[in-house]
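Please open the model in your viewer and keep the selection panel at hand. The tour moves from one group of residues to the next.

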Amino acid sequence: MLPDSASSPRWENGDRPALTKAFTDAGFSADVQNAQGDTNKYATLADQELTKGCGVMILVDYNGAAVAVTQKAQKQGIPVIAYDRPITTGTADAPSMLADYYVSFDNEKVGELEGQSIVDGLKAAGKDPAKAVVVYMGGDPADGNAKLFHDGAVKVMSAAGIKPAAEPVGVWDGQKSATNFEQALTSLGGKVDAVWVANDTNAAGVITVLDKNGLKVPVSGQDASVAGLQNVLLGKQTATVYKPFKLEADAASQLAIQLLKGQKPTESNTLYGKPFIAVTPILVTPDKVETVVTAGDAKASDICTADVAAACTKYGVK
């Protein structure tokens, strides 16, 4: 179950085909659905799957909708893999993993890479991080990963002396992120030295506001989306964290196939009390954009539009 199409292009463009291929190649059938940002639709689609019957469920949570689905599946003896986002109960300060397994990138590491890109960007601009005006633009707190991204980023940035000058409520929406950032920028009298942003979609919204105000400062992001890679090449975004979707999909499908075959996976890593298979994220700066293209997770023809062509040539993206 995929969550939506708006928060990131990865779900339909990356995860759907990768998961489908992995199961099909292994001789299993897969039914990949997308809740399209609707918790009611999420529940309805899941009920349909449970009625038809399935051997394992792989769920990307959306605003907590996966909790009830997980509980229903487990009552039927169907193991649940929380994919990319944790499915938890408890409190924000003391979460407990409800799903049987969790497969994702090391999301605190994602945040650490983002935070380091902000620290490095400030130093490259000759700014003292401890004195810099930095705005924090996190993800939707209903997404358990948002906290992990935030915690990882804060760990690195606070060690460099950075404190948030403003921190609007997190969202996974580029348009809302732009509006929230513009309000924060106004409250700061138009002064900002860097913006920690949790993903490329939100970063694109922030960058439209920076461009409108003639500002160019370090901006972080993740997902290695086409727009994110373009902004990195143009110097509008310091870096993006690349999470090769195929690696995550392979890890989840291999785990699911083991379960379907009646095997009991062994995993020593845990998160919130359940087995956690963590995939390593990669920081992509302008000189590393070509690696995403080479891996097949982006096309040079999509990235190197007319306004980005010179930067593509400079950094060898072809």
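Begin by selecting Thr39, Tyr42, Ala46, Asp47 and Leu50 in helix 2, which meet Ala65, Ala66, Val69, Lys72 and Ala73 in helix 3; contact here means heavy atoms within 4.5 Å. By class, this contact of helix 2 with helix 3 has 7 nonpolar, 1 polar and 2 charged residues. Ala, Val, Leu, Ile, Met, Phe, Trp, Tyr, Cys and Pro count as nonpolar, Asp, Glu, Lys and Arg as charged, and the others, Gly among them, as polar.

This is a predicted model, in which local features need pLDDT of at least 70 and side-chain atom pairs count only at pLDDT 80 or more, while totals for chains, interfaces and linings use all residues. Residues are numbered from 1 along each chain as its sequence is written, and side-chain values use heavy atoms, with hydrogens and water left out.

Now show the whole of helix 2 (residues 39-52) and helix 3 (residues 65-75), which pack at an angle of about 15 degrees with their axes 9 Å apart. Helix 2 is therefore roughly parallel to helix 3, a term for angles under 35 degrees. Helices are DSSP runs (H or I, at least four residues) numbered from the N terminus. Axes are lines fitted to C-alpha atoms, for helices over the stretch in contact, and angles run from 0 to 180 degrees between N-to-C directions. The crossing of helix 2 and helix 3 is right-handed, that is, the near helix is turned clockwise from the far one by less than a right angle.

Next, select helix 1 (residues 10-25) and helix 9 (residues 245-260), whose axes lie 9 Å apart at an angle of about 35 degrees. Helix 1 passes helix 9 in a right-handed crossing. Residues in this contact include Gly14 and Ala18 of helix 1 and Ala249 and Ala252 of helix 9.

A cavity is a set of points on a 1 Å grid over the protein atoms alone where a 1.4 Å probe fits but cannot get out, and lining residues have an atom within 4 Å of a point. Grid points are joined across faces, edges and corners, and a volume is the space filled by probe spheres set on the points.

Select Trp11, Arg85, Trp172, Asp223 and Lys243, which lie nearest the centre of the largest cavity among its 14 lining residues. This cavity holds about 120 Å³ of space.

Finally, select Ile207, Leu210, Asp211, Leu215, Lys216, Val217 and Lys236, which line the second largest cavity, with about 30 Å³ of space.

Notes:
Helix = DSSP H or I, 4+ residues; strand = E, 2+ residues; numbered from the N terminus. 1 Å grid on protein atoms, 1.4 Å probe; cavity = no way out; pocket = protein on both sides within 12 Å on 5 of 7 lines; lining within 4 Å. Parallel < 35°, antiparallel > 145°, perpendicular 65-115°, else oblique.
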